[in-house]
Amino acid sequence: MPRPVSAQTRNENIMKQCATRKLAMVVDPVEKLRLLCLQRGSRGILGMGRVFRRMDDNRSGDLNEEEFKKGLMETGMGSSLSPEEIEELFKQFDCDGSGSVNYEEFIRSVRPRMSPPRLALVEKAFAKLDKTGDGKITFEDLQGVYNVKNHSQYLNGQATEKDLLRKFLANFEEGGVIDGTVTKEEFINYYTGVSASIDDDAYFDLMMRTSWKL
């Protein structure tokens with residue numbers, strides 16, 4: 001008997017299918033990259049951000065054109081964009097003609113828009129986790145805050161609370177160095193993807209409040 005599919009998995013599958021259909025018609029390279037991310041599910045934007053951050057060897061926050069192109073190719077999404085589209089993307093975000101783009105600003109522009117109430121919930125959840133106020137969360141931060149006891153694998157004994165907390169944290173390690181920490185931008189990038197798969201504001205609100213005990 002096939003394993004039952006969760007509501008979140010169904011939502012994500014619908015989002016992927018919708019993104020695939022729209023890709024055939026879109027012309028704007030920014031929207032095309034956004035859809036390519038959504039086609040990968042809720043971790044698509046997060047994964048791209050992680051790759052770009054890894055490309056930034058000197059931690060300047062900027063990428064030159066070569067690094068930018070290399071980053072897109074490393075995500076696997078660059079192969080779905082023409083050289084002209086990649087060049088246009090870079091030009092759009094190199095506003096001052098300096099020959100570099102700030103990748104965090106670029107990611108924020110590409111990721112799907114979250115309504116102010118949804119973004120406020122995500123930021124509230126992050127603030128609750130970030131106990132030290134240092135702008136990042138760790139496995140230790142999750143304990144006693146992120147509720148996994150309604151998770152099907154916990155209820156049927158397949159996984160312990162610790163297993164599920166570590167699994168959740170691993171969601172944020174997509175496409176980058178596994179460092180066991182999650183920044184605020186990464187947290188928002190992840191939930192931007194989740195939000196894009198959920199049309200119902202009340203459902204998103206309930207999910208966030210239940211998960212994070214808000």
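Helices here are DSSP runs of H or I with at least four residues, strands are runs of E with at least two, and both are numbered from the N terminus. This is a predicted model, where local features need pLDDT of at least 70 and side-chain atom pairs count only at pLDDT 80 or more, while totals for chains, interfaces and linings use all residues. Residues are numbered from 1 along each chain as its sequence is written, and side-chain values use heavy atoms, with hydrogens and water left out.

Of the 214 residues, 44% count as buried (under 20% relative accessible area, with a 1.4 Å probe and protein chains only).

Next stop: the second largest pocket. A pocket is an open set of points on a 1 Å grid over the protein atoms alone, where a 1.4 Å probe fits, with protein on both sides within 12 Å along at least five of seven lines; lining residues have an atom within 4 Å of a point.

Select Asn11, Ile14, Met15, Cys18, Ala19, Lys22, Leu35, Leu38, Ala196, Ser197 and Asp199 to see the lining. Two elements each give two or more residues to it: α1 (7-23) and α2 (29-38). Which of the elements gives the most? That's α1, with 6 residues.

Terms used
Buried < 20%, exposed > 50% of the residue type's maximum accessible area, 1.4 Å probe, protein only.
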